[in-house]
Amino acid sequence: MATLSFNTTRMRTPSLPRLPRSSSFTKPIKTHLSSQTLSKRRRFVSRSLPESSLSIAKEETEVVEDDDPTSELSYLDPETDAESIKEWELDFCSRPILDSRGKKIWELVVCDASLSLQVTKYFPNNVINSITLKDAIVSITQDLGVPLPEKIRFFRSQMQTIITKACKELAIKEVPSKRCLSLFLWLQERYDTVYTRHPGFQKGSLPLLSLDNPFPMNLPENLFGEKWAFVQLPYSAVREEISDFDEKFVFGATLDLDLLGIDVDENTLIPGLSVASSRAKPLAAWMNGLEVCSIEADSSKGCLILAVGISTRYVYATYKKTPVTTDEAEAWESAKKASGGLHFLAIQDDLDSDDCVGFWLLIDLPPPPV
């Protein structure tokens, strides 16, 4: 495993640094993910349940096939402290459904990361504006007795103006981010079990507001590291790193793999990228404000792509293309795909260090079909 710099002017002499408990690899990693890697449908509440029935534990709730796909959902887990829900995930977009006028229906979908809060509302296309969204957010708090959230995450750049304006008027911090993973899975669930059964469903209809995948930009100077290396960790070690979030101050972000339906064997090797810098703490602090989404090894261009926020992509690192480096980059990507998209970013003072200053658990999920 060669140590490669962030650009050609910062090249270091190749060596064999590695993250503790890891090893280099040139072949795809085999994992023990369950067949339900990307979905636990029992987590989503049935839309036709009467309000008195909503005390059923989420683990036992299943989508009922004869639910009315035209109905709306307003659900708060009665076992959850409403005051503890401080962050929402939100989508406000058209659906592949036509109303009686032959126009696409719009839908507001709101949840929190734990799916304790789940709300859907339909709207005609001629009332889509920030006032409608602001009023809908307020009505959710009034109907379910939850406070206004401190943050709202959303993943469509085309809706940023409307969402930002609505949030600003309610003193809510808007967070453009593709780390809306519970929302991603719920939209996939709704496509499979609600939209396709709606009487106005239009098969083959493309999303009106598709997700961006822009050409990667140059990395800002403050985000440069000094060395990096492809690494891998057993899932047990990944869990150990995640535990540091509760035990000491570490920059980064975790994922609720149980909620996402990802069942990982403790010995499964998870691919990652280790970045070393003499200014590791400032670097991790800068990264912490970027809503880091994923890392991609582009072997055709000899670079790593860092995706942050909604539609920002950076050339995170470059390397000299050789058969060895190409094989390693391709193997890393294969390992990521074999692990259901699961990977990580670790920032350290030194590649031989036993500690991480920052640790981000990441996952590549396919975009929702709507």
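Is Trp228 buried or exposed in this predicted model? Trp228 is buried, at a relative accessible area of 2%.

**View 1. The aromatic pair of Trp228 and Phe230.** The rings of Trp228 and Phe230 pair edge-to-face, with 5.1 Å from centre to centre and 80° between the planes. The pair counts as edge-to-face because an angle over 60 degrees between planes is classed that way. Phe230 is buried as well, with a relative accessible area of 4%. Ring pairs join Trp228 and Phe230 to Tyr319 and Trp332 in one cluster. The count of aromatic pairs in the model comes to eight.

View 2. Helix H3 covers residues 181-193. Among the buried residues of H3 are Leu181, Phe184, Trp186, Glu189 and Arg190. The elements that cover the buried residues of H3 include strands S1 (73-76), S2 (87-98), S3 (104-111) and S4 (117-123). Helix H5 (257-260) and strand S15 (358-363) also contribute to this cover.

**View 3. The largest nonpolar core.** In soluble globular proteins, nonpolar side chains tend to be buried together. The largest nonpolar core in this model holds 44 residues, and Tyr195, Val238, Leu257 and Phe344 have the most contacts inside it. Helix H3 supplies six residues, the largest share of this core. Apart from this core lies another, of 30 residues, which includes Ala297, Leu306, Val308 and Tyr319.

**View 4. The contacts of Leu257.** With neighbours within four places in sequence set aside, Leu257 is in contact with Tyr235, Ile262, Val264, Leu342 and Leu361.

**View 5. The polar contact between Ser274 and Gln348.** Ser274 belongs to strand S10, residues 269-276. This serine is buried, with a relative accessible area of 1%. Its side chain makes a polar contact of 2.5 Å with the side chain of Gln348.

**View 6. The salt bridge between Glu150 and Lys86.** The side chains of Glu150 and Lys86 form a salt bridge, at 4.0 Å from N to O. Glu150 sits in the loop between helix H1 (130-144) and strand S5 (151-154), while Lys86 sits in the loop between S1 and S2, so the pair ties together parts that are 64 residues apart in sequence. Glu150 is partly exposed at 47% relative accessibility, and Lys86 is partly exposed at 40%.

**View 7. The salt bridge between Arg239 and Glu266.** A salt bridge of 3.0 Å, N to O, joins the side chains of Arg239 and Glu266. Arg239 is in helix H4 (residues 235-247) and Glu266 is in the loop between H5 and S10, so that the pair links distant parts of the chain, 27 residues apart. Arg239 is partly exposed, with a relative accessible area of 46%. Glu266 is also partly exposed, at 34% relative accessibility.

View 8. Lys301 and Asp298 form a salt bridge in which the closest N and O atoms are 3.9 Å apart. Lys301 is exposed at 56% relative accessibility, whereas Asp298 is buried at 14%. Elsewhere, salt bridges link Asp91, Arg95, Glu107, Arg156 and Arg190 in a network. The whole structure has 14 salt bridges.

Key: Residues numbered from 1 in each chain as written. Predicted model: local features only at pLDDT ≥ 70, side-chain atom pairs only at ≥ 80, totals over all residues. Heavy atoms only, no water. Helix = DSSP H or I, 4+ residues; strand = E, 2+ residues; numbered from the N terminus. Expected span 1.5 Å × (residues − 1). Buried < 20%, exposed > 50% of the residue type's maximum accessible area, 1.4 Å probe, protein only. Contact = heavy atoms within 4.5 Å. Core = buried A, V, L, I, M, F, W, Y, C linked by side-chain atoms within 4.5 Å. Phe/Tyr/Trp six-rings, centres within 6.5 Å; stacked < 30°, edge-to-face > 60°. Polar contact = N/O pair within 3.5 Å; in protein donor to acceptor, adjacent residues only side chain to side chain.
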